[in-house]
Amino acid sequence: MDNKWNMLSPEEKREQRFNWWLNPQEANFRNLETEKAYKLRVQRFIDVYRVQEPDRVPVVLPISTVPAYLHGIDTYTAMYDYDKAVEAWDEFNMQYAQELDSFTIPVILPGRVYDILDYKLYRWPGRGLPKNAIGHQYIEGEYMLADEYDAFIRDPSDFLMRIYMPRVFGLFEPYKLLTPLINIMELPDMYFIPYINPDLQASLQMLINVGKELSSWVVAIEKLNKKGLEQGFPIMGIGALVKAPFDTLGDTLRGTHGLMTDIYRQPDRVLEAMDVIAELNINSAITSLDKNKGFMATFPLHKGADGWMSRKQFEVFYWPPLKKIIDALINEGILVSLFAEGSYNTRLETVNEFPEGAVHWMFDRTDMAKAKEILGRKCSIQGNVPVSLLAIGTPGEVKEHCRKLIEVCGKGGGYILSAGASVDEAKLENIRAMVEASREFGAYKE
């Protein structure tokens, strides 16, 4: 960004990012009516994020695989046939997007990309799971060993390339042959000696296939995005996906068991590593959002929930490095969206530390009345219609649950009616019941 940008306050930067979303340069609306509809929908969300009253409570359904199964295909087919996936989501959007205030795109893995990479941290349909399974599963393990903190802290890029990647990607196993990248600074020909190895050469050739396959996936998704925009629908979740440093360590480096022992055996190393991760995440998120004129960074909070760790552990290990990232993003005008998986009832007092309109919370199982009371003056909130209720409840039960949520959380604005987590299965009549509840109980203005 230029010097003029750096002179803006965080609030002014955030308003500029909202303006980019409200007036997308790449949009080619079908007509003035679709442009007007787009801006009305986007403004509705912006008002919520500002903790103000829009015209009514908006409805969002974090869709996972529902469109695939409604279209008659399973997750495996959607993962490996990109055209069929786009066809399924397009059909779903044409039927329900207007009711849900937003467009939805496939959030499933591009299967062939992961096959080529030989990724070892997931199981997915057709790769460790039955083809008719829903979604993917994580395979936790110690992909960074207990005595490797120093190597990671000293040079995280070198550690990730030469040690971590060969462990978690079959494609990158030959990268163990590489020497530290700093060696390229003098006598660079010596640095490239390992590339003589046929296995390393083959790995590099396969990366071309990864690029081609990923290009096919991106083209398909961008086509769907463009169609939604042309028809006047915002795409939710525009921006960057970021993780809390504790989750990065626990999910894909040390594993939960390894990390929970580390906080007792080598707590200083854990804190130092998380500080390194925080700096990396700050730079990555800001760079990505500035490049794409994005406005939101979304954090899925995995291991900070009630029951995962004590309150003291949360306040020592989980929250400070996460807050460091959040503060840096807020300073750049980025809206921070925090998805509190599980319950955060004992965390609410601790996390209420941000300027008004800078942070958005999506809740899974948290007491929404308590969240509104503690956070609602400064933060917008979203949730928590149970996904189980959408799958097996009746429309009347769904509508009544939504009514109560709107009455409690919608006061004064700042609330989005939403499921509490990703929706893999839902009755169509229950989706409509959510929409009806928003229209019937969520209007602020005549």
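Strands (DSSP runs of E, at least two residues) and helices (runs of H or I, at least four) are numbered from the N terminus, and two strands pair if DSSP finds at least two bridges between them. The model is predicted: local features need pLDDT of at least 70, side-chain atom pairs count only at pLDDT 80 or more, and totals for chains, interfaces and linings use all residues. Residues are numbered from 1 along each chain as its sequence is written, and side-chain values use heavy atoms, without hydrogens and water.

**View A. An open sheet of 7 strands with parallel pairing.** The strand order is E1-E10-E9-E8-E7-E6-E5. E1 (59–60) and E5 (239–241) are the edge strands, each pairing on one side only.

**View B. Strands E7 and E8 pair in the parallel sense.** E7 (residues 335–340) and E8 (residues 359–363) share 5 bridges. Valine 336 has valine 359 in E8 as its bridge partner. Helix H15 (residues 311–331) packs on the sheet, in contact (heavy atoms within 4.5 Å) with E6, E7 and E8.

**View C. An open sheet of 3 strands with mixed pairing.** The order is E3-E2-E4. E3 (128–129) and E4 (137–138) each have a single partner strand, so one side of each lacks a neighbour in the sheet. E2 (residues 122–125) and E3 run parallel, joined by 2 bridges.

**View D. Tryptophan 361 in the largest nonpolar core.** Such a core is a set of buried Ala, Val, Leu, Ile, Met, Phe, Trp, Tyr and Cys residues joined through side-chain atoms within 4.5 Å; buried means under 20% relative accessible area (1.4 Å probe, protein chains only). This core has 119 residues. Tryptophan 361 touches residues including Leu301, Tyr344 and Cys379.

Technical notes. Buried means under 20% relative accessible area, exposed over 50%, partly exposed in between (1.4 Å probe, protein chains only). Axes are lines fitted to C-alpha atoms, for helices over the stretch in contact, and angles run from 0 to 180 degrees between N-to-C directions. Lists of a residue's contacts leave out its neighbours within four places in sequence.
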